[in-house]
Amino acid sequence: MEPAFIGLVVIIALALIFDFINGFHDTANAIATSVATKVLTPGQAILLAAVMNVVGALTGTAVAKTVSKDIVSQDFATLELTAAALISAISWNLFTWWKGLPSSSSHALIFSLVGAGVAAGGWGAIIPKGVNKTLTGLLTSPVLGFLVPILLMFLLSWLVLRWMRPRIVTRTFRWAQIGSAAFMAFSHGGNDAQKTMGIMTFALSAYFGTQFDTVPLWVILSAAAAMGLGTSVGGWRIIKTMGFKVVDLKPVDGFVAETSAALIIETASRLGIPVSTTHTISTSIMGVGTTKGFRKVKWQVAGKIVTAWVFTVPTCIALGWAVHKAMLLIGG
């Protein structure tokens, strides 16, 4: 087999490894609140998240096209660039998982791609349209994630909760939260798995030397399967941070946080905007917490989460750049 084809196979394998890691790294996004409120057992929650992640991953390719066509110019697309981006993103994901920090796998991948692109061709290799779209999602999704659940909680309180006894509220929203957890996992698969589809399509474009306008079916299916498998493994370090250390949750709180986050993520997916499910559900949990009073939110833990977000973009740009330069030096 020719070296270039072997390189393509290795990159596809790396992409699927990233997707698998993304699955267990971001499992907490979909199931932490359900586990914390004891609506679902950990095993039930992981199974639900795994199935719905796969289903969500099969529902569109708008985000995948943004990643494959609108971040780095096709003129600079190489297998080495793609490999550097994946190695950088995987390294950051594993580091933040080890530390128990819910950082963004999505932005780790995209800004690793930016860093590798800059190493390959300078800033002229970067397409501002796609990067701006990603930055828009980076900035707006956490803000909306914080505000939407506050509005939804007040709306629920005004329409329903004030008329119901606390015991009935808990019983009703225990069932409702199963649906919101499924919706959250579905939206996660619909946005996050597409980034892996996008990087795989970018690698195919680099190998064949031509832009792929559609995402091949085998790419869609393999990315969906890898994310589902990763989700089934679970990410207990991050689940503990998300579900138990930010704010004490009840079923109605989990329902509001998950529904709000899922609506924001699903809307972004349809618009082709790569957003962070981690950012969105984290701020949704904080938003729900503030409706109980600012003291109910453990802001010190929230601050550590925000710190991980802030460092993801520059760190992954630098990592992507460094890995690409190192690959060039090693390759001669």
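Start by selecting Thr 315, which is found in helix H13. Helices here are DSSP runs of H or I with at least four residues, strands are runs of E with at least two, and both are numbered from the N terminus. What you have open is a predicted model, where local features need pLDDT of at least 70 and side-chain atom pairs count only at pLDDT 80 or more, while totals for chains, interfaces and linings use all residues. Residues are numbered from 1 along each chain as its sequence is written, and side-chain values use heavy atoms, with hydrogens and water left out.

**Stop 1: around Thr 315**

Thr 315 is partly exposed, with a relative accessible area of 24%. Buried means under 20% relative accessible area, exposed over 50%, and partly exposed in between (1.4 Å probe, protein chains only). Now show the backbone of Phe 311: the side chain of Thr 315 reaches its backbone oxygen at 2.6 Å.

**Stop 2: the nonpolar cores**

A nonpolar core is a set of buried Ala, Val, Leu, Ile, Met, Phe, Trp, Tyr and Cys residues joined through side-chain atoms within 4.5 Å. Select Ile 71, Val 72, Leu 86, Leu 113, Val 114, Met 197 and Ile 199, which touch the most other members of the largest core, a group of 51 residues. Helices that each supply at least two residues of this core include H1 (3-25), H8 (166-208) and H13 (299-331). Which helix gives the most to this core? Colour H5, which gives nine residues.

Zoom in on Leu 113 and you will find that Val 67, Ile 71, Val 72, Leu 81, Ala 85, Ile 199 and Phe 202 touch this residue, not counting residues up to four places away in sequence. Contact here means heavy atoms within 4.5 Å. Then move to a second, separate core of 20 residues, with Val 252, Phe 255, Val 275 and Ile 281 among them.

**Stop 3: helix H9**

**Stop 4: the salt bridges**

A salt bridge is a side-chain nitrogen of Lys or Arg within 4 Å of a carboxyl oxygen of Asp or Glu. How many salt bridges does the structure hold? There are three.

- Select Asp 213 and Lys 69, whose closest N and O atoms are 3.6 Å apart. Asp 213 lies in the loop between H8 and H9 and Lys 69 in helix H4, so this pair ties together parts that are 144 residues apart in sequence. Asp 213 is exposed at 51%, whereas Lys 69 is partly exposed at 28%.
- Select Asp 192 and Lys 195, with their closest N and O atoms 2.9 Å apart. They are separated by about one helical turn because they are three residues apart in helix H8. Asp 192 is buried at 0% relative accessibility, and Lys 195 is buried at 0% too.
- Finish with Glu 266 and Arg 270, whose side chains meet at 2.6 Å, N to O. Glu 266 counts as buried at 14%, while Arg 270 counts as partly exposed at 46%.

Key. A polar contact is a pair of N or O atoms within 3.5 Å; within protein, one must be able to donate a hydrogen and the other to accept it, and residues adjacent in sequence count only if both atoms are side-chain atoms.
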